[in-house]
Amino acid sequence: MVMSYHAKLSEDLKRIRIGSGRGIRAAAEAYRDIVQNLCEMRIAASHNIATNVPMMDEQGKKLAQSVFGWSDKATWNSPNIALESPIGVMVRYSGEPFWVNKNGMHAQFSNSFTRSFDVTRFEQRARTRAALVVPVHMPFSVIGAVSYTPQDDKQTDLSFEYAEYGDILGIFARAFVRSYVINQPASQLVPDEPKLTRREVQCLRWAAMGKTDVEIGMIIGRSQATVRFHVRNAGAKLDAVNRSQAVFKATQLGYITRDI
């Protein structure tokens, strides 16, 4: 019986993991069906909560609508959802599955941060009454997430679903999101060969030390607009969603050291 269970899990994971860019849709459909048969919950997945770029199949179709069955007005189509929703904040501070409703975050493991989240107007801000959430933390500070919501929109208690299926849903979510990132060129964590110019590196180094654009301009003898130009260019080459991530990625790749 134990071997049968593990064999089934192994087979499900093989179907959910994306093996190549051409297998995204097939893996998403398998993921949807497996979760539906397991616990009848809906999937809302994001490969990077810091961007409003949706997960798409190899034909450029949004997985949320074409596979997971959500409308265009669903939660993740709001460009500010990661900032507005308390769930977007929670996944930054938790690495394990949890479930949440208007009464707060419920998890097997907690810390000082997870016990003090602001859940006022939860249903309006999160646009759901309850969700079982799996944070997916990846290299270079990228955070993905999968929210599982009940078919019954009025259901607010997911304690049973969390206890019964939380661990397995966590395994499925991580397998799907991580393999998507690896096999989707548009969502690569770091470009293969980012070639930053000397000036771009110089600007990022000073930015890493907390200097403003005005201060950097004074230091290198260039205008504030020129500094912003170089920082934006560096961010684009590093596929960074903001200034902070550009600095972080440049540091990880060895462009930024203690020496200026």
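The following legends describe close-up views of a predicted model. Local features require pLDDT of at least 70 and side-chain atom pairs pLDDT 80 or more, while totals for chains, interfaces and linings use all residues. Residues are numbered from 1 along each chain as its sequence is written, and side-chain values use heavy atoms, leaving out hydrogens and water.

**View 1. Helix α2 (residues 24-39) and its buried face.** Helices are DSSP runs of H or I, at least four residues, numbered from the N terminus. I24, A27, A28, A30, Y31, I34, V35 and C39 are the buried residues of α2 (buried is under 20% relative accessible area, exposed over 50%, with a 1.4 Å probe and protein chains only). These buried residues fall within an arc of 160° seen down the axis, so they line one face of the helix; the arc is taken from the directions from the helix axis to the C-beta atoms. A26 and N37 are exposed on the other side of α2. E40 follows α2 and has a positive phi, near 55°.

**View 2. Cysteines C39 and C203.** C39 is buried at a relative accessible area of 13%, and C203 is buried at 0%. The disulfide count is zero, a disulfide being a pair of cysteine sulfur atoms within 2.5 Å.

**View 3. The crossing of helices α8 (residues 198-208) and α9 (residues 213-220).** Their axes come within 10 Å and cross at roughly 125°; the axes are lines fitted to C-alpha atoms over the stretch in contact, with angles from 0 to 180 degrees between N-to-C directions. The two helices are therefore oblique to each other (angles under 35 degrees are roughly parallel, over 145 roughly antiparallel, 65 to 115 roughly perpendicular and the rest oblique). The crossing of α8 past α9 is right-handed, meaning that the near helix is turned clockwise from the far one by less than a right angle.

Terms used
The expected span of a helix is 1.5 Å times one less than its number of residues.
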